[in-house]
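User: Could you take me through one part of this protein slowly, as if I were new to reading structures? I would like one connected explanation.

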Amino acid sequence: MRHLCIGAIQLVFSGITNLAKLLLITVCTVQVVFPQQNVFFPLTKQTLQTGLSSPHVRKIVQDKYGFMWLATQDGLNRFDGTQYVIFNSGSVDQNHIITGTDVYDIAIDASGEYLWVLTAYNGLSKIELRTCRVVSTHPIQLSLPAPKGLWLKCMFIKGSHIFIGTNEGYYIRFNTANAQIDQITLCTASFHASGSIDRIYASNNNIWLFISGTGIVLLDPAGNKHISTTPLPSLTFYDVSAGNGLLFAASSNGILSFSLNTGAIDSTSSWGRYLYQLTKGHNWQALHYANDTLLATGIKGCWSIDLTRRQYTRIICSRNYEDKDWILLTSSIVKTGRSIWLGTQYGAGCIRDLHTPFVGFNTSMDGSGLNIRHSNMLATNNDSTIIVCADDGTYLVNHTTGKFQRIFSDDVFYSVFKAPGNYIIASGVTSGLHIADENGRPVSLKKVFPELLPIQKDVLISATRFNDSLYFLASQNEKGLYKWNIRLKQVTVIDTGTRPIQLTGTIINRLYTDAGNKLWVLGDNYISIIDPLAATIRTIKPQVPQSKKELSIIMDMCELAGSYWLTVYGIGIVQLNANLTIRRIFSIREGLNNTGVYKLFPLGNLSLLVSTNNGLSVLDTRTGLYKNYFEQDGLQSSSFEETSGASQNGFMFMGGTNGFTRIDINKFNINTGPPVTYFTNIRIHKTVKAISSATDTMNAELEELVIPSSWVQANISFAGIHFANPDKVTYAYRIRQQDTNWIANGPQHFITLMGLRPGAYTLEIKSANEDGYWSAVKKLNLIIKPKWFQTIGFKLLVCLLAAGLIYALYRYRLYQLYKQHLIRKNIASDLHDDIGSTLNTVKIFTHLAKKDVNDFNNLNQIEMALTEASTGLRDMIWILDDSGDTVYDLLERVKKFAVPVTVANGVHLQCTNDDKCRHLVLSKNEKRNLLLIAKETINNSLKYAQCKNITINIELKKGALCMTIDDDGEGFIITSHTDGNGLGNINFRAGQIGYTAIIQSTPGKGTQVKVARTS
């Protein structure tokens, strides 16, 4: 199918044109030797698992903001180092919909503001880089007089035109100013050049059409006139890159260079001759030229070619031999700062840091299939090779070529060391000691070192050379220390029972010969320092100053800056002074990632490198702080082994799970280049009428954001663009109106804002690289609109309502006081009338009684008057009492008055009330007047009616309170008693409390008085 990747490896064509043959003859006569070196780099892979939309990456470019754009078979991806934004034809985000899904080419226009996207069968899309938004789409196919399904393969932007090439050989010129197609040309008909246009380039002098199977067609700068055709019928073209007046083309038979001025093959300059001679006969697929250096990938791997110095470097992806496919099958390569990006059929590969000190080795780079699963111990062999003890054998590894050679097999090897004569001695768990020469050829132990035969079956854990004649070997099986005298060919044992050198214990973790020519034996809870020449031993057990606990498992040691440094498992790095006492301990508090520490080496004059069971750590002895490294930094893995470490000639080697890592100590430098910080996405969540919604914005140059009043929370994302080490980027932020101090956000690249009051705020963010160098501060002005209840108008309305409520309460209080005043006035009037009248009566009868002391009638009248006054006072007190304000209380008070008088007059009294109104609360005015109406009515019935029965009933009628008093007396004609005070008092008191009084009487049938509430 024609959809298959045009970047796949092609066979060298069987023949080339006469011009190409001539060129080959010319360049082959020049004898040039290009110096070559290999460099190894860890490859970071971006795949479907990491979020990439498709594993087939065709083109990679970087915009002016630093974001990487990856064209894939399933959409366009923008990458900031950790997060992807994906564009395709089916995107749920309307701002990210492009004309198609199969993206074949991408390019940034001269302004740097827009990215143009070419999809295979659909046309062009224009993306504004600042906002990450598709601003227009332009279907190309609709305007072409060609068969449906025209395959658009490549494009180049020059000025206001985009030049497009198709698989069918059509050359298309698209005018970006008016979004119209200016020209459509079929190369077969117009230029007699048949084949697919695989690449287009536009210079000031020419338009270049690279047509596979035909050659190169040159048009005038406008693209209207045919200038020339360079026939190269046997070549397929994959990529082009320009620089220094030359145009380089990657083809199926080497890399060609052309003069941008003349358009001819560059056969005269040294660059052109050397480049073709170096690359001829091989398939090259991707190019990137910058600063006199050409990056090229193809069947020969990835090369960095220095055209000025005439030398090239082969870039090899370390750790796995299979990673070579990520180099061989590429369609795009680009260098950005310290990184190299590769577009492949497996995803996007990234050599993140060209200055990394770490190279991980796991698999032999010669394709032999040799693999080191676990490195138990390392030892240096010569300048280019090291010896690796592994779980399945012992290997000789050339760390300059990446090739592995197995020396010994079929055993687990724990230790290895170099013996006199450059022999290699390795110790296997079951098969014992093995010996080989420097080149890895096994030899007989009995023949070379027969004195070692008695200890051949023991397992060694450590070895050190003391001088030209003495070696010391430590037993893993707790058999003590072996002293090997090379000159005497003699092995003696030193253990806990030997004299004069007697060991404290037989558990030995490490042997070390110090600068003072003393042998250190590191064990569990002890250190023995031996002077073999003087036959003396000193044992110390250092104690932690605070806890007084002895150091437990001492793994390794070194000397630096006048101190002895120990790795103690479970604690960290311990510094001993010259007196062998603990000066300081550097552990988790100082930034050590893990206290499972193993091998220790000086790193320069002021730092220490230590391996752990979770990464490598570098201790700066000046500051006392650690810096940690892990697998993502280029290590073979993050898990190391306790005895697996060695150093030589500016390199250190640390091993463990999945092989070992070579460390170039000269590349341990501080990266002073800070990230570039941007706001990448702002999502405002809001709720309107209980329907949740969200508003997104992606604007790299956003300076001000207005947050609507309906907001609930705002999620603000940002990115520190730093592809050399994106996993180590850290962030800090602050809102100046709330706190002037920076808030550390760690690696988290977003914050959530909630509950901010309306107003203006300034959000500031910054990011730091792995060495703590901070970027420039990025600011965002936030304007939070007030909610409806936070507006000034609403607050004024609340104030007005509050004032109105206060005034209403004031008026209500005045009304209540006025009512109380009326009650008091009425009570005072009643007291004045009743009590005053009573007292006046008492005064008169008292005067009469004094005149006639024998007349007891006067005294009786005085008693009656005082009783009435007392009853009246009790009634007033009851009215004023708040505890008896219900209808039930009123009825009880009426009964208390009426029962004595009705019984005295032989009248039967019946009182009833409706349960619905039993607990109805009455005002004091109602209590007073209803009581007085009842008393007035009962008194009238007793005085005038001559009745036998009086009935009192209180009930609710249609929601209104009604009191009815009936008697069965003589009755009267109401019209003849209109001037009576009693009836007038009843009507007057009912009116005072908003009641209506209805009096009905029939002579001979009794009287009924009914008072009912009207409102």
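This is a predicted model: local features need pLDDT of at least 70, side-chain atom pairs count only at pLDDT 80 or more; totals for chains, interfaces and linings use all residues.

Analyst: Happy to! The pairing of S45 (residues 553–560) with S46 (residues 563–569) is antiparallel and runs over 7 bridges. To find one of these for yourself, look for Met557, whose bridge partner in S46 is Leu566. Of the 8 residues in S45, 6 are buried, so this strand is largely enclosed by the rest of the structure.

Now for a helix. In H3 (residues 270–279), 9 of the 10 residues are buried, so H3 too is largely enclosed by the rest of the structure. Among the buried residues are Trp271, Tyr274, Tyr276 and Arg273. After H3 comes Gly281, which has a positive phi near 85 degrees.

Finally, let's see how two helices meet. Two packed helices are described by the angle and the distance between their axes. For H8 (residues 887–904) and H9 (residues 924–945), the axes come within 10 Å and cross at roughly 20 degrees. An angle under 35 degrees counts as roughly parallel, and H8 and H9 are therefore roughly parallel to each other. Their crossing is right-handed. By class, the contact of H8 with H9 has 10 nonpolar, 2 polar and 3 charged residues. On the H8 side, the residues taking part include Leu890, Phe897 and Val901, while those from H9 include Leu930, Ala934 and Ile938.

Methods. Residues are numbered from 1 along each chain as its sequence is written. Side-chain values use heavy atoms; hydrogens and water are left out. Buried means under 20% relative accessible area, exposed over 50%, partly exposed in between (1.4 Å probe, protein chains only). Helices (H or I, at least four residues) and strands (E, at least two) are DSSP runs, numbered from the N terminus. Axes are lines fitted to C-alpha atoms, for helices over the stretch in contact, and angles run from 0 to 180 degrees between N-to-C directions. Angles under 35 degrees count as roughly parallel, over 145 as roughly antiparallel, 65 to 115 as roughly perpendicular and the rest as oblique. A crossing is left-handed if the near helix is turned anticlockwise from the far one by less than a right angle, and right-handed if clockwise. Contact means heavy atoms within 4.5 Å. Ala, Val, Leu, Ile, Met, Phe, Trp, Tyr, Cys and Pro count as nonpolar, Asp, Glu, Lys and Arg as charged, and the others, Gly among them, as polar. Two strands pair if DSSP finds at least two bridges between them.
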